[in-house]
Structure formats: structure tokens, C-alpha cells
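Hi,

Here is the structure I promised to pass on. Have a look at it first, and then read my notes below.

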Amino acid sequence: MIIVTTENIPGKEIKEVFGFVSASTVRTKNIGKDIGAGFKTLVGGEIKAYQEMMEESRKIAIGRMVEKAEAMGANAIVGMKIGTSAIMQGASEVIAYGTAVLIEE
């Protein structure tokens with residue numbers, strides 16, 4: 001599966017457009033890591049527990065999006081974007097979305 005943020009793939013022709021495809025995940029850290037992150041906000045610096053959570057969330061959302069695109073018959077996703085939002089304190093949603101297409105092999 002080729003995934004690009006551009007509207008086309010250089011050197012490839014889009015043969016068919018299947019349409020919009022998206023997937024998301026809502027994640028939170030456990031209370032112990034949340035307390036540790038709270039202390040980190042007092043002294044400043046990078047909060048690695050949340051950085052790891054967001055990286056894992058992106059991978060999950062993209063993986064789910066790819067599964068949906070493949071189920072449609074796509075072999076590529078163009079115009080891919082990732083968005084995030086805070087659901088509640090310590091919990092975030094990550095959504096991945098784009099256009100599922102069939103490109104020449």
C-alpha cells in the first residue's frame with residue numbers, strides 16, 4: 001500500500017478512485033503515567049509517555065485506514081492527513097483519512 005500526502009503519486013496513474021477512507025483510535029495512558037506526566041508539567045520538558053502514546057495511536061489509525069482501503073480494492077491512499085483532538089484530560093483521538101485509489105502497478 002502506497003500512502004502519500006499529495007494528491008497524486010509521481011510516475012503513477014490513478015486508474016480508479018474509490019473514495020474517502022478514514023479510521024481513528026482514542027487512547028489514554030494509565031493513572032501512574034498520567035501522574036508522572038503531571039509532575040513533568042511542573043518542571044517542563046518533553047513528556048515521553050504521551051509522545052509514545054501518540055506515535056502508537058498514529059500507527060493504529062493508519063493501519064485501520066489501510067485495512068479499509070484494501071477492503072475497497074485500493075492499492076494506494078492519496079491526500080492522507082492525520083488529525084488529533086483531546087477527548088478528555090489524558091485521552092486523545094487520532095484520525096487518519098485520505099482518498100482510496102487504484103494505481104497502475
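Let's start on the surface: methionine 88 counts as exposed because its relative accessibility is 58% (exposed means over 50%, buried under 20%, partly exposed in between, with a 1.4 Å probe and protein chains only). Keep in mind that this is a predicted model, where local features need pLDDT of at least 70 and side-chain atom pairs count only at 80 or more, while totals for chains, interfaces and linings use all residues. Residues are numbered from 1 along each chain as its sequence is written, and side-chain values use heavy atoms, without hydrogens and water.

Methionine 88 sits in strand S3 (strands are DSSP runs of E, at least two residues; helices are runs of H or I, at least four; both are numbered from the N terminus).

Now for the inside. The largest nonpolar core has 15 residues, and Val21, Met65, Ala69, Ile77 and Ala100 touch the most other members. (Such a core is a set of buried Ala, Val, Leu, Ile, Met, Phe, Trp, Tyr and Cys residues joined through side-chain atoms within 4.5 Å.) Strands S2, S3 and S4 and helix H2 each give it two or more residues, with the largest share, seven, coming from H2. A separate core of six residues includes Val4 and Val78.

What about threonine 25, buried or exposed? Threonine 25 is buried, because its relative accessible area is 6%. This residue lies in strand S2, and its contacts (heavy atoms within 4.5 Å) beyond four places in sequence include Ser57, Ile60 and Arg64.

Cheers
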